[in-house]
Amino acid sequence: MKSVFVLLSVLALPVMAAEPTLYGRYEYIKLPEIGETLQAKMDTGALTASLSAKNIETFTRDGEPWVRFQLATKGASDKVYEHKVARISKIKNRADEDEDKDEPVSAKRPVVALEMCLGDVKRTVEANLTDRSSFNYPLLIGAKALREFGAAVNPARRYTADKPDC
């Protein structure tokens, strides 16, 4: 009878999730497919990741949607990247809201799935492409990507992870 009680006690224990890794508000993220390491803002208030790009042009290849773009970052080369489009996102732009309209203005952005390295962790993350050159950080990592990395953010800290090593 005692062994049955022990077995039932073990089965009743809650399943503990892995502890998230704590990162700072800003971290370095390596994009192996692009060959760049960028400073990123870890933003729990944003849902998706955003990569600073310019000259964004969608096209069709073999019947599937693709996108052509250049990085819009300080010191970026004129290299043109082409990537398959994972989906098109509708981003609500609260800054452009018109008080006379009932709904916020939405921007449609191509989303690509990119490998990203944070510290020694590599994940495939969806990022929408938009010109972030007026912002301090060319890469924004939103809540979905933070979950992919098993990350939690301490906004009082910066660059807690080592330089990406994937």
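This is a predicted model: local features need pLDDT of at least 70, side-chain atom pairs count only at pLDDT 80 or more; totals for chains, interfaces and linings use all residues.
Local features need pLDDT of at least 70 and side-chain atom pairs count only at pLDDT 80 or more, while totals for chains, interfaces and linings use all residues. Residues are numbered from 1 along each chain as its sequence is written, and side-chain values use heavy atoms, with hydrogens and water left out.

The protein has two helices and 11 strands; helices (H or I, at least four residues) and strands (E, at least two) are DSSP runs numbered from the N terminus. Along the sequence the pattern is α-β-β-β-β-β-β-β-β-β-β-α-β. Of the 166 residues, 37% count as buried, meaning under 20% relative accessible area with a 1.4 Å probe and protein chains only. The accessible surface, from the Shrake-Rupley method with a 1.4 Å probe, comes to about 10,700 Å², and 49% of this belongs to carbon and sulfur atoms. A contact means heavy atoms within 4.5 Å. Among contacts between residues at least 6 apart in sequence, 58% join residues at least 24 apart.

The largest nonpolar core has 31 residues. Such a core is a set of buried Ala, Val, Leu, Ile, Met, Phe, Trp, Tyr and Cys residues joined through side-chain atoms within 4.5 Å. I29, I34, L51, F69, M116, L139 and I141 touch the most other members. Not counting residues up to four places away in sequence, L139 touches I29, L38, Q39, A40, K41, S50, L51, M116 and R132.

E27 lies in strand 2 (residues 26–31). This charged residue is buried, with a relative accessible area of 1%. With residues up to four places away in sequence left out, E27 touches L38, Q39, A40, M42, L118, Y159, T160 and A161. E27 and L118 are 91 residues apart in sequence, yet their C-alpha atoms are 7.7 Å apart.

L47 is in the loop between strand 3 and strand 4 (49–61). Beyond residues up to four places away in sequence, L47 touches G142, A143 and K144. The C-alpha atoms of L47 and K144 are 5.9 Å apart, and the two residues are 97 apart in sequence.

The second largest pocket holds about 290 Å³ of space. Of its 17 lining residues, L38, A72, T73, K74 and P138 are the closest to its centre. Strand 3 (residues 36–42) gives the most to this lining, with four residues.

Note on methods. Buried means under 20% relative accessible area, exposed over 50%, partly exposed in between (1.4 Å probe, protein chains only). On a 1 Å grid over the protein atoms alone, a cavity is a set of points where a 1.4 Å probe fits but cannot get out, and a pocket is an open set with protein on both sides within 12 Å along at least five of seven lines; lining residues have an atom within 4 Å of a point. Grid points are joined across faces, edges and corners, and a volume is the space filled by probe spheres set on the points.
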